[in-house]
Amino acid sequence: MDLLSIKDPSFLKKLSINELEKLSAEVRQFLIEKLSETGGHIGPNLGVVELTIALHKVFDSPKDKFIWDVGHQSYVHKILTGRASEFDTLRQYKGLSGFPKRDESVHDVWETGHSSTSLSAAMGMVIARDLKKTKDHVIPIIGDGALTGGMALEALNHIGHEQKDIIVVLNDNEMSIAPNVGALHNVLGRLRTAGKYQWAKDELEYLLKKIPAVGGKLASTAERVKDSLKYLLVSGVFFEEMGFTYLGPVDGHNYDALFENLQYAKKTSGPVLLHVITKKGKGYKPAETDTIGTWHGTGPYKIETGDFVKPKAIGPAWSKVVSETVRKLAREDDRIVAITPAMPVGSKLEGFAEEFPDRMFDVGIAEQHATTMAAGLATQNMKPFLAIYSTFLQRSYDQVVHDICRQNLNVFIGIDRAGLVGADGETHQGVFDIAFLRHIPKMVLMMAKDENEGQHLVNTALKYNDGPIALRYARGNGIGVKMDEELKEIPIGSWEVLKEGSHAVILTFGTTIEMAMEAANQLAVQGKSIRVVNARFIKPLDVDMLHHIFAEGVPILTIEEAVLQGGFGSSILEFAQENNYLNTPISRIGIPDEFIEHGSVTKLLEEIGMTTENVVAQLKAMMPGKEKKVLRS
């Protein structure tokens with residue numbers, strides 16, 4: 001059928017299973033073709049085609065509410081709810097979001113991007129439904145990887161206790177972004193092989209009821225027999241012990257099985273967990289055979305070969321620079337241990353894991369646990385390296401404050417994907433970490449101007465013994481500078497002048513150094529001398545250099561690819577106030593007080609005014625015609 005003509009999912013009610021199977025094939029082909037051009041989360045979406053279609057056929061969205069966790073498997077849902085025509089704009093500026101978006105469709109009732117939130121959100125919606133006395137179903141769809149998140153387990157506990165009507169669909173594809181880890185994953189593995197436990201339990205109950213009155217005593221023990229049966233068939237029976245009616249495992253690509261169990265779930269009172277087995281990447285061989293998460297989310301690719309179409313990179317990936325420097329230092333120091341919350345591939349730790357399998361720990365989607373575990377290691381004089389995306393570090397803020405910084409423990413945090421990340425949008429932009437780390441006592445926070453300085457700052461961090469230290473680094477690649485063979489330590493809190501100048505000063509770091517240098521060069525042609533400072537230590541500041549700059553009384557412009565509120569520029573304003581520098585013009589360029597949507601990083605920077613042209617304009621506006629004397633009271 002013409003997928004572009006779909007307005008809402010109501011048409012599914014009239015389709016036969018044969019017609020649905022044909023539709024499934026068309027949806028898969030559509031996704032394979034469209035995502036080959038735009039990139040996106042192809043593996044997860046190819047795996048949930050039948051499941052999504054079945055859900056929309058059995059239930060009535062938006063009256064019945066689907067909550068997709070993490071949300072990167074919602075593309076089929078978007079097609080069925082009338083958005084197929086927008087897929088050419090997927091994850092592009094002002095285009096279709098790669099995640100559920102409430103202002104995009106009434107069928108998107110919850111926005112996700114970080115995992116493990118669906119069950120808590122669903123419980124809130126269920127309570128609201130019951131208080132309002134309405135009749136609708138709430139169906140969170142959560143992956144087996146997301147189920148390992150602590151928040152999901154907290155919600156399971158509460159849902160089981162309250163015994164409210166809710167249908168949890170566990171989409172078990174045995175692999176999230178990286179192969180799943182943990183005891184809960186092993187429980188699911190046993191459940192996958194358990195067969196039709198619910199069917200067997202019902203059959204036993206039916207047979208017991210057929211026994212004549214003489215079997216009264218036996219009938220009275222029926223429940224105990226059934227409970228015993230579940231222990232025989234399903235080792236652990238985790239979900240039933242949590243208070244759920246467990247259905248499954250169900251073949252997530254078999255419409256007969258899906259409809260039978262969804263209808264059963266619909267009629268069952270109390271919380272139900274439907275365990276659905278799906279194959280990630282189904283229908284496209286390169287994605288089907290992926291075992292490490294390469295096809296979880298991709299850029300454009302060639303359909304025929306599965307080869308990725310990547311822009312030519314000048315320098316190495318930032319994640320690779322950091323992880324390989326940690327690996328190099330681990331050869332000399334057996335105290336170095338690497339930890340990641342389910343991102344070994346994204347953080348380029350495969351090499352470390354291969355060389356030091358006993359010192360590499362992927363803890364699953366458990367950022368809080370990863371952070372406190374690193375703190376525990378540090379108490380024993382180990383050197384933990386915690387590789388974590390900026391946007392995921394937000395989830396372990398309390399642990400950074402209380403477990404690492406308050407105890408002044410020597411943990412090295414690698415803040416991957418710091419700054420704008422582009423296509424994943426608001427939920428993944430790494431722009432808040434400076435603001436939520438800078439105010440924590442004892443924290444050292446750094447960002448390198450290039451990959452060579454980056455390797456030296458990694459060395460500095462792992463040689464540092466006086467407490468917590470963090471290095472921010474961007475998504476993408478370095479600029480292709482020559483790498484020193486011998487690693488150096490850079491004095492904590494020291495900045496460097498990259499370009500001398502006397503009319504104004506730019507203070508910046510990391511990815512915005514290039515913008516600052518270009519602006520300074522343009523102004524030099526116009527007779528303006530601009531000093532550019534690499535403020536590689538965001539905390540502590542280089543107070544000696546700052547006093548020298550403020551004593552000159554020249555305008556100061558700060559630039560940061562992070563939020564302005566509480567950011568690096570704010571620290572310069574604080575320094576000026578605390579030291580009574582009253583008449584130095586200070587201006588700031590950075591991320592405004594809003595969530596930044598998806599799109600290319602270049603386009604997003606243009607949208608918020610983080611451009612060379614704006615830097616030049618700001619500096620021109622700040623530089624007076626007459627020199628002012630510095631006033632310090």
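Colleague: How should I read the packing of helix α21 (residues 513-525) with helix α25 (residues 612-622), and at what angle do the axes cross?

Modeller: Two packed helices are described by the angle between their axes and by the distance between those axes. Here the axes of α21 and α25 come within 9 Å and cross at roughly 55°, where an axis is a line fitted to C-alpha atoms over the stretch in contact and the angle, from 0 to 180 degrees, is taken between N-to-C directions. The pair is therefore oblique, given that angles under 35 degrees count as roughly parallel, over 145 as roughly antiparallel, 65 to 115 as roughly perpendicular and the rest as oblique. The contact (heavy atoms within 4.5 Å) is made by Met-515, Glu-518, Ala-519, Gln-522 and Leu-523 of α21 together with Thr-612, Val-615, Val-616, Leu-619 and Lys-620 of α25. By class, that contact of α21 with α25 has six nonpolar, two polar and two charged residues, with Ala, Val, Leu, Ile, Met, Phe, Trp, Tyr, Cys and Pro counted as nonpolar, Asp, Glu, Lys and Arg as charged, and the others, Gly among them, as polar.

Colleague: What kind of model is this, and how are its residues numbered?

Modeller: This is a predicted model, in which local features need pLDDT of at least 70 and side-chain atom pairs count only at pLDDT 80 or more, whereas totals for chains, interfaces and linings use all residues. Residues are numbered from 1 along each chain as its sequence is written, and side-chain values use heavy atoms, with hydrogens and water left out. The helices (H or I, at least four residues) and strands (E, at least two) are DSSP runs, numbered from the N terminus.

Colleague: Which residues bring α1 and α3 into contact, and how are their axes placed?

Modeller: The axes of α1 (residues 17-38) and α3 (residues 49-58) come within 10 Å and cross at roughly 130°, which makes α1 oblique to α3. From α1 the contact takes in Leu-20, Leu-23, Ser-24, Val-27 and Arg-28, and from α3 it takes in Val-49, Glu-50, Ile-53 and Lys-57. Sorted by class, the contact of α1 with α3 has five nonpolar, one polar and three charged residues.

Colleague: Are α16 and α18 roughly parallel or roughly antiparallel to each other?

Modeller: Helix α16 (residues 367-379) and helix α18 (residues 397-405) pack at an angle of about 10°, with their axes 9 Å apart, and they are therefore roughly parallel. Gln-368, Thr-371, Thr-372 and Ala-375 of α16 make the contact with Gln-399, Val-400, Asp-403 and Ile-404 of α18. The residues of this contact of α16 with α18 divide into three nonpolar, four polar and one charged.

Colleague: Turning to the backbone, which peptide bonds are cis, and where does Lys-348 lie?

Modeller: Most residues other than glycine have a negative phi, and most peptide bonds are trans. In this model the peptide bond from Ser-61 to Pro-62 is cis, with omega near 10°, and Pro-62 is found in the loop between α3 and β1 (65-69). The bond from Asp-69 to Val-70 is also cis, with omega near 10°, and Val-70 is placed in the loop between β1 and α4 (75-83). Lys-348, a residue other than glycine, has a positive phi, near 55°, and its place is in the loop between β6 (336-340) and α15 (350-355).
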